[in-house]
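Hi everyone, thanks for coming. Please bring up the model on your screens, and I'll walk you through it.

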Amino acid sequence: PNIQAIIKRASTMEPDSVKQQKGLTCGMHAINNLLGAVYTAEDLQAVCKDNKKDNWNQEVIMSFLGVKYGKNDSQSLTMQFDAASVKEMRTMTQFLSFDGLLGFVLHSPGHWTAMRRWDTSVESGFSYMDSLPRQERNRLRTFKTAEEMADYLLSRVINKAKIGDDIYVIY
């Protein structure tokens with residue numbers, strides 16, 4: 001299916017588990033967690049100019065997501081923000097309330113994580129997914145409101161961000 005169909009399907013599914021990463025594959029896991037997909041190392045490798053097998057850099061992840069490096073262009077499914085620019089509760093809550101937002105992948109040096117907004121026919125919410133922790137309960141956090149998700153992101157993730165750490169928003 002095309003990326004629009006994948007995004008539409010992901011937006012209607014509440015994540016129920018997050019696999020623990022092996023090696024340096026957090027970028028692949030972040031994309032799969034966000035899109036509810038099962039892309040492989042080979043899928044990411046296909047967009048990689050230097051044929052890396054793991055530890056993909058920002059350019060590879062952004063190419064895979066359809067982002068033009070360093071640009072927020074209207075033809076793209078993705079926008080790039082500096083994580084340090086959304087450190088206020090009101091700004092983060094507005095950010096999470098964008099029409100059409102599916103979620104984002106967050107890059108801080110050396111690691112990728114994902115957040116997905118979802119709405120089933122029964123309930124809606126937000127899930128933060130990190131493939132690094134050993135314990136399953138620490139890999140998936142679910143919240144019912146934008147305010148709860150914003151509070152978690154600000155206290156645990158975004159406030160640790162430095163200038164140059166990026167959020168890639170998928171809509």
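I'll go from the overall layout to the strands, then to some side chains, and finish with a pocket.

A word on the ground rules. This is a predicted model, where local features need pLDDT of at least 70 and side-chain atom pairs count only at pLDDT 80 or more, while totals for chains, interfaces and linings use all residues. Residues are numbered from 1 along each chain as its sequence is written, and side-chain values use heavy atoms, with hydrogens and water left out.

Let's start with the layout. The protein chain has six helices and six strands. Those names come from DSSP runs, numbered from the N terminus: helices are H or I with at least four residues, and strands are E with at least two. Reading from the N terminus, the order is α-α-α-α-β-α-β-β-β-β-α-β. Of the 171 residues in the protein chain, 46% are buried. Buried here means under 20% relative accessible area, exposed means over 50%, and partly exposed is in between, using a 1.4 Å probe and protein chains only.

Now find strand 2, residues 103-108. Five of its six residues are buried, so strand 2 is largely enclosed by the rest of the structure. Strand 3, residues 111-119, is mostly covered as well, with seven of its nine residues buried. How do strand 2 and strand 3 pair, and over how many bridges? They run in the antiparallel sense, over six bridges. For two strands to count as paired, DSSP must find at least two bridges between them. Two of the bridge partners to look for are Phe 104 with Met 115, and Ser 108 with His 111. The hairpin of these strands has two residues between them, and Gly 110 there takes a positive phi near 90°.

The hairpin joining strand 3 to strand 4 passes through four residues. Here Ala 114 has Met 129 as its bridge partner in strand 4.

While we're here, look at His 111, which lies in strand 3. His 111 counts as buried, at 13% relative accessibility. Its side chain makes a polar contact of 2.7 Å with the side chain of Asp 130. By polar contact I mean a pair of N or O atoms within 3.5 Å; within protein, one must be able to donate a hydrogen and the other to accept it, and residues adjacent in sequence count only if both atoms are side-chain atoms. Now move to Ser 131, in the loop between strand 4 and strand 5 (140-143). Is Ser 131 buried or exposed? Ser 131 is buried, with a relative accessible area of 1%. Its side chain has a polar contact with the side chain of Gln 21, at 2.7 Å.

Next, the aromatic rings. The structure holds four aromatic pairs. Rings of Phe, Tyr and Trp (its six-membered ring) pair if their centres lie within 6.5 Å; planes under 30 degrees apart count as stacked, over 60 as edge-to-face, and the rest as tilted. Phe 95 and Phe 98 have ring centres 5.5 Å apart and planes at 65°, so this pair is edge-to-face. Phe 95 also pairs with Phe 104, and that pair is tilted, with 6.0 Å centre to centre and 45° between the planes. Together, ring pairs link Phe 95, Phe 98 and Phe 104 into a cluster. Phe 95 is buried at 3% relative accessibility, and Phe 104 is buried at 0%, whereas Phe 98 is partly exposed at 36%.

Last stop, the largest pocket. A pocket is an open set of points on a 1 Å grid over the protein atoms alone, where a 1.4 Å probe fits, with protein on both sides within 12 Å along at least five of seven lines; lining residues have an atom within 4 Å of a point. The largest pocket holds about 380 Å³ of space. It is lined by 17 residues, and the closest to its centre are Lys 19, Asn 32, Asn 33, Ala 37 and Val 38. Helix 2 (residues 26-35) gives the largest share of the lining, four residues.

Technical notes
Points joined across faces, edges and corners; volume = space filled by probe spheres on them.
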